[in-house]
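Subject: Two-chain model for your review

Dear colleague,

I am handing over the structure below, and I would be grateful if you could look it over before we talk.

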Amino acid sequence: MKVRIHVSLKPGVLDPQGRAVHHALEGLGFEGVDDVRIGRLVEMDVADGTSDDRIDEMCRKLLANMVIENYRIEKVSENA
Amino acid sequence: MAFRSAVITFPGSNCDRDMAVALEQVSGAAPLRVWHGDADLPQELDFIALPGGFSYGDYLRSGSMASRSPIMRSVVQAAERGVPVLGVCNGFQVLTESGLLPGALMRNAGINFVCRDTELSVENAQSLFTSGYETGQRITIPVAHHDGNFFADDATLDRIEGDGRVAFRYTDPVNGSARDIAGVLNAAGNVLGMMPHPERAIEDAHGGRDGRTMFESAIRGLVTA
């Protein structure tokens, strides 16, 4: 079973990387970009039947730092 | 009795030798060198140091992989028993990731790696690590980091400030740290994490000895305790 974990900074946490990328986009002439925030994508292949609780635990114990980050779990269908 | 300290080395630690030299110079006893894969620490330890560097290449988040390594379970248990633990730079990141200290250390606000002397204000000179300083004393200690931007929510910041757990503060902004916090103590006062490198300011050849006072404070406090 393929699972994608989308890790993003919590709202209100300053993102220096996102700000630098935002400036770079503006420098390239891309207008109308209001905000850029950088996150992380973790793709995992886990045993079929791995419970949601178990995946949630992986996120809380390692994949995301709950002080500064949120995460979203996406299960990817096999034929996708 | 000889001072019994341990310096933990993770893959990618690079200030472990400097830390060991500082501890040996000030205490007169060479610290035990402990590898991250070791599961156990000796029961009888006076002091544990987590050095700077780039453990596990800063993969995932700085300090995150090291904080889950086998030896850290023993370090957390020792800290909970009251053994003093000092984490410098990457060691500070490992301490926040392990939950021994609050907050998180994020990418520097200015994006750049910062490597220079910084002036610090000693905010709490009552702790084990800082008793040799005066409260409000200005000291100079170098920093060298990319991820030193201390973040915690306002409630946490108010709490640690109110409890006197801010040990050191930058006198000018260095990396975007909330309230210019450079070093934080745990609630019991036996764990200190700081981004500046006291082990790089222990002899005149380093350009200053302000970091030596921190080691002297801790060692004197423990030997006379």
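**Strand pairing in chain A**

Arg4(A) stands opposite Glu74(A) in strand E3(A), while in E2(A) the bridge partner of Arg4(A) is Glu43(A); here strands (E, at least two residues) and helices (H or I, at least four residues) are DSSP runs numbered from the N terminus, and two strands pair if DSSP finds at least two bridges between them.

Before going further, please note that this is a predicted model, in which local features need pLDDT of at least 70 and side-chain atom pairs count only at pLDDT 80 or more, whereas totals for chains, interfaces and linings use all residues. Residues are numbered from 1 along each chain as its sequence is written, chains are lettered from A and ligands numbered from 1 in the order in which they are written, and side-chain values use heavy atoms, with hydrogens and water left out. The model scores ipTM 0.87 and pTM 0.94, and chain B averages a pLDDT (the predictor's confidence in each residue, from 0 to 100) of 95, with 99% of its residues scoring at least 70.

Returning to chain A, its elements run β-α-β-α-β from the N terminus on, which comes to two helices and three strands. The radius of gyration, taken over C-alpha atoms, is 16 Å for chain A, well over the 12 Å that the globule rule (2.2 Å times the number of residues to the power 0.38) gives for 80 residues, so chain A is more spread out than a compact globule. Its C-alpha trace spans about 45 × 35 × 15 Å along the principal axes, and 28% of the 80 residues count as buried, where buried means under 20% relative accessible area, exposed over 50% and partly exposed in between (1.4 Å probe, protein chains only).

The three strands form an open, antiparallel sheet in the order E2-E1-E3. Strand E2 (40-45) and strand E3 (69-76) of chain A stand at the edges with a single partner strand each, so one side of each has no neighbour in the sheet. Strand E1 (residues 2-9) of chain A is joined to E3(A) by eight bridges, with Ile5(A) opposite Ile73(A), and E1(A) pairs with E2(A) over six bridges.

In a regular strand the side chains alternate between the two faces of the sheet.

In chain B, nine strands form an open sheet of mixed pairing, in the order E2-E1-E3-E4-E11-E10-E9-E6-E7. Strand E2 (32-35) and strand E7 (138-145) of chain B are at the edges, each with a single partner strand, so one side of each is left without a neighbour in the sheet. Neighbouring strands of this sheet are turned by 25° against each other on average, direction ignored, with axes being lines fitted to C-alpha atoms (for helices over the stretch in contact) and angles running from 0 to 180 degrees between N-to-C directions.

Strand E4 (residues 85-88) and strand E11 (residues 191-194) of chain B run parallel and are joined by four bridges, and Val85(B) has Val191(B) as its bridge partner in E11(B).
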